[in-house]
Amino acid sequence: MENQQIRHALIIMVFGTFFGLLCSTLMNIALPTFMHVFNISEAQVQWVTNGYMLVNALMIPVSSFLIKRFSFKSLFIIFAGVFLLGTIVGAFAWSFNLIVVARMIQAVGAGMMMPLVNVLAIRYAKPGKKGQIMGIIGLAFNCAPILGPAFSGFLLHFFSWRYLFLLIIPFAIATLVLSFFFLPAIPHNEHPQFNTLALILVTIGLLSLLMGLSNVSNNSLSSFNVAGYISVGLLALFLFFLDQGHNNRQLINFSIFAHKQFVLATIINMLITATMYGNAILIPLLVQIVLGQSTVISAIAVLPGAILTGLLSTTSGHFYDIYPIKILVGAGLIIDILGTIGQAAIGARSSVVMITLFQTVRQFGLVTMLIPLQTQALSLLPNEIVPDAVATFNTLRQIAASFGTALIVAVVGIVNQMVHNPSSHLGIQAGFILCLCLLLTSLYLSTKLYHKISTQIKLEKV
């Protein structure tokens, strides 16, 4: 296929995926608004974001099957349409539960668009250029989630929460039109069978675990709402792994876990992603609830970091083609850790300037390593397992985002209950400390990464 066709396809698909990922964090600054409008708690309101990320994660393993079975163009058009449908439902929702449903419909569409971009880039990028191409894709994958809170903060100051959906609709329509006329019909050459039982088991497992974790701050640990849901989730996931081990129709190709660098890069990415999405909720809670500032101030606090992420995303991808992965990830983590230490030290009397400074430092560290980590995980694999690897990498990334956010919010709720103050800064500081622990674990794991030599593919078996 001609390079120009691939370039056009990537531009269109990155454009559409950008708005899908923007929506993953677009509601974060609106959480206090939803709590006030619908009179709900922190544990309930987090489903606006966690429901989105979990459904997004569940769609991604399905993508491996669909990419092998159908053409890129057909898949992207269908799921861009699903994303548009969810956005329209959200814009006209009359209850909080319907907002959550709309977000989940959005997530179905966005969850399919993301792996399509990755597979196309990894399959057709020239050797020695994969880092650069993945850096361009990073504008959607890593910049959009950071821009979401900044964009919504300004929007909510002037308009109602409905505009968080309404203003996405024109871009979703544009994606559909461009895809229909300009996406090349990249063929498929496989006819795999789908494992419906595996999808049901993993859905029940992850949903139950997330519900149990989300209920920690409001229920007894021994109650069914916590222990019961967690037990059901663990049982379902155990049955899922049994099925995958004795079934030729695997939802996840477990052979990819034989590649040590893929496993390491994926685990590190999961830990970092959990802190990134958890942090995206902690900042609005700190600024709006603890400090009593407006949504605009919340937006200003995250805006410099978002701009920095956009400016450096392509550069960090290019660095992968030049510098050792261990140096890139280690340096990024140290910077991220320094910013997180600053955040953990923030109290109720800290200024917004300090909050903004530490958040910007964190984003600088994140953008330094996220694209190189993704490239490291995927570029050393044989082409035939890249769709499975992309699906697994993005699934685990979104699961980490969802569960990391739930765990951090649970810690905030527990600490605030202990001090009998739902607006205390101590709970939020505890959330930042948990982020710090996850980053320190990532730093240790990063010492085991190695860089490829030249453009020769090297595979390391566990």
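Predicted model: local features only at pLDDT ≥ 70, side-chain atom pairs only at ≥ 80, totals over all residues.
1. Start with the largest pocket, which has a volume of about 530 Å³. It is lined by 25 residues, and the closest to its centre are L206, M270, L396, I399 and A400. Two or more lining residues come from each of helix 4 (47-69), helix 10 (196-214), helix 11 (224-245), helix 12 (260-290) and helix 16 (386-418). Helix 16 gives the most, with seven residues.

2. **The core.** The largest nonpolar core has 138 residues, and M13, F34 and I272 have the most contacts inside it. Helix 12 supplies the largest share of this core, 16 residues.

3. **F34.** Have a look around this phenylalanine. Leaving out neighbours within four places in sequence, F34 is in contact with M27, N39, I40, V45, V48, F96, I99 and W161.

4. **L333.** This leucine sits in helix 14 (residues 325-344). L333 counts as buried because its relative accessibility is 0%, against a cut-off of under 20%. Setting aside residues up to four places away in sequence, L333 touches I272, M369, L439, S442, L443 and S446. The C-alpha atoms of L333 and L440 are 8.0 Å apart, though 107 residues separate the two along the chain.

5. S442 belongs to helix 17 (residues 425-446). Buried or exposed? With 0% relative accessibility, S442 counts as buried. Apart from residues up to four places away in sequence, S442 touches I268, L271, I272 and L333.

6. **The salt bridge.** How many salt bridges does a search of the whole structure find? The search finds one. Side chains of opposite charge can pair when their charged atoms come close. Here the partners are R362 and D336, at 2.6 Å from N to O. The pair links distant parts of the chain, with R362 in helix 15 (residues 352-379) and D336 in helix 14, 26 residues apart. Both R362 and D336 are buried. Helix 14 has come up already, as L333 lies in it too.

How values were computed
Residues numbered from 1 in each chain as written. Heavy atoms only, no water. Helix = DSSP H or I, 4+ residues; strand = E, 2+ residues; numbered from the N terminus. Buried < 20%, exposed > 50% of the residue type's maximum accessible area, 1.4 Å probe, protein only. Contact = heavy atoms within 4.5 Å. 1 Å grid on protein atoms, 1.4 Å probe; cavity = no way out; pocket = protein on both sides within 12 Å on 5 of 7 lines; lining within 4 Å. Points joined across faces, edges and corners; volume = space filled by probe spheres on them. Core = buried A, V, L, I, M, F, W, Y, C linked by side-chain atoms within 4.5 Å. Salt bridge = Lys/Arg side-chain N within 4 Å of Asp/Glu carboxyl O.
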